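Here is a short briefing for a first look at the chain. Keep the view open while reading.

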Amino acid sequence: MAKPDSRTVASLLREYAHRSSLRGGNLYRTKAYLRAADSLTALSQPLDRIIAAGALTRIPGIGDAIADIVRKLYESGTHPHLEKLREEVPAGVMELFAIPGLRPDKILKLHQALGVNSLAELEAAAKADRIRPVKGLGASLQTKILQNLAIARSGETQLHLHKAAALLEHAVISVKQEHPEFSRVEIAGDFRRGCELVADLALVAQGKKRTEIEQSSLRLVVTDKKHFGASFLKATGSAAHLEQLRMFAAERGFALKPDGLYRGRKLIASETEEEIYEALDLQFIEPELREGRDEIERAARRQLPTLVRDEDLHGILHSHTTASDGTETLEAMAEATRKRGFEYYGVADHSQSAHYAGGLTLQEIAEQHCEADRLNKKYGGKFRILKGVEADILADGSLDYPDHVLEQFDFVVASVHSRFKLPKKEQTDRIIEAIANPFTTIIGHMTGRQLLRRPGYDLDVDKVLRTCARYGVAVEINAHPWRLDLNWRWHQKALDYGCIFSINPDAHSIRELDHMHWGVEMARKGGVPRTRVLNAMGSAALLAHLSKRKRDCKTGGDRRSPVRNPRAA
């Protein structure tokens, strides 16, 4: 019997994880199995070679125990424990794990109470209103299932950015170790384009000959130095951008081929991407912009923006501590932010309505502000803690502290955390009311989406953006890889209206401070320049901006952004 490849073993390991979870097993162990399965899908060399070399435990997420399971799955195509688990529920039940937010206990109940054995049967049961009456399931679960079926079908092969990053970084290391003759290995595909979900795990390596290797879910393009740029361009995509670029070249007497740009039979440019764009008299198009929208026309007019970079950001706004639902103290979070080279840390713990997240009482606000004052004195002006809050937007659009409390903060992030299913007009009016509140500085995760988990709430985003521009309220680019909200496809519209942005990690731990990078990626993908980002201001400039807004709250002055001309940036 032929041995299974890494993709098949990964699928078996996922099944092993899901079936184990139906027994009510250890949740962390289940997650560990799933992480290991993800790693197996992105191997840069055949699994049999890795097993023969005794190198399974070098793969991210695979320790001795999981390595033993993987070896058995590889050797026999199954596992004794997996065979026992298979006797308990039919194979089709495993399809239900694709539904975001559907827990193993609910999956088991759907199977046992309603005989649901597949996604098709689940959809039929939900549409026939059979789930709502079942105790322990109910109407809200039925609604969630109907909403998330589309997400389940569209996201089967997609990874969140941070997960794709870990797999690709390991793949680069593995390729370099396996092929020391490669002088260069670069990440390409939709990850390089900064897509919020990644399906194309691709690398481009520079060697002596040209070839393409597909190993499991990883695509490895090998090219020589002369054609590296052309190969890198093609492997990065998108298909729409490449097709438009090909047509643009053809209209000017060139031919863009997989191995380079030609005029007649003569190869004009192929070694670098820059050479190819330059030969076409185009401004260099950053990978994040290559989606086949209007980037080629703008590049021809030399009107592409200089995109924001990680190093352009001077501080963090919107982050949580142990005062609400974070895992670290204010001092620990501030110090970790300072060590990352930032000038300021804006704490924004949850407000009093957020009982689920330990929202701050008035007494706790006073205590946190005293602690911030103590730490700021210690930093002696070399670093600054800004006193903020993430205030809940209530159903009527008001914030959940009175004005005399809100005015104590340096900034206020206003966010929706409840009543997601309000009708579109009510939801829009609710957020617009919060934007008009003179103390609102930033609108947090505007649409409430969670990638591969739930869609955003029904909202007139265009109207909300115009209101943000009117009142000078910053639009958050929430950098948490599960959110990445506001969707980058709205960024250009926001820029046109005159909006400013705030790139925030929404961090609940020190590790999550590094989510800032994903927010920058989304801003770049949306075409956002540094000059339109609130926290690209230095400490002094930001404090002056926030102070002016607070003064204008009291006097009724102009609260709009200092960026007046939407095209000026």
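K31, R35, K163 and R453 form a patch of positive charge on the surface. This is a predicted model: local features need pLDDT of at least 70, side-chain atom pairs count only at pLDDT 80 or more, and totals for chains, interfaces and linings use all residues. Residues are numbered from 1 along each chain as its sequence is written, and side-chain values use heavy atoms, with hydrogens and water left out.

**Surface charge**

- Patches are made of residues with over 30% relative accessible area and no salt bridge; like charges are joined within 9 Å, and nonpolar side chains (Val, Leu, Ile, Met, Phe, Trp, Tyr) within 5 Å.
- Lys and Arg count as positive and Asp and Glu as negative, while His and the chain ends are not counted.
- The place of a charge is NZ of Lys, CZ of Arg, CG of Asp or CD of Glu.
- Accessible areas come from the Shrake-Rupley method with a 1.4 Å probe, and for residues only the protein chains shown count as cover.
- K163, one of the patch residues, belongs to helix α9 (residues 161–178).
- Helices (H or I, at least four residues) and strands (E, at least two) are DSSP runs, numbered from the N terminus.
- K163 has a relative accessible area of 34%, so it is partly exposed.
- Buried means under 20% relative accessible area, exposed means over 50%, and partly exposed lies in between (1.4 Å probe, protein chains only).

**Strands and hairpins**

- Strands β7 (residues 255–257) and β8 (residues 260–263) run antiparallel and are joined by three bridges. Two strands pair if DSSP finds at least two bridges between them.
- K257 sits opposite G260 in β8.
- Two residues lie between β7 and β8, which form a hairpin.
- β8 also pairs with strand β9 (residues 266–269), again antiparallel and over three bridges.
- Across that pairing, R263 faces K266 in β9.
- β8 and β9 make a hairpin with two residues between them, and G264 in the turn has a positive phi of about 65 degrees.

**Buried helices**

- Eight of the nine residues of helix α11 (residues 228–236) are buried. Among them are F228, F232 and L233.
- G237 follows α11 and has a positive phi, near 75 degrees.
- I431 lies in helix α18 (residues 424–436). Its relative accessibility is 1%, so I431 counts as buried.

**Salt bridges**

- Side chains of opposite charge can pair when their charged atoms come close.
- A salt bridge here is a side-chain nitrogen of Lys or Arg within 4 Å of a carboxyl oxygen of Asp or Glu. The count by this rule is 36.
- E186 and R184 meet in a salt bridge at 3.1 Å, N to O. Both are partly exposed, E186 at 27% and R184 at 33%.
- R449 bridges to E196, with the closest N and O atoms 3.6 Å apart. This pair links distant parts of the chain, 253 residues apart. R449 and E196 are buried.
- D373 and K387 form a salt bridge with closest N and O atoms 2.7 Å apart. D373 is in helix α16 (residues 362–379) and K387 in strand β12 (residues 384–392), so the pair ties together parts 14 residues apart in sequence.
- D373 is partly exposed at 41%, whereas K387 is buried at 15%.
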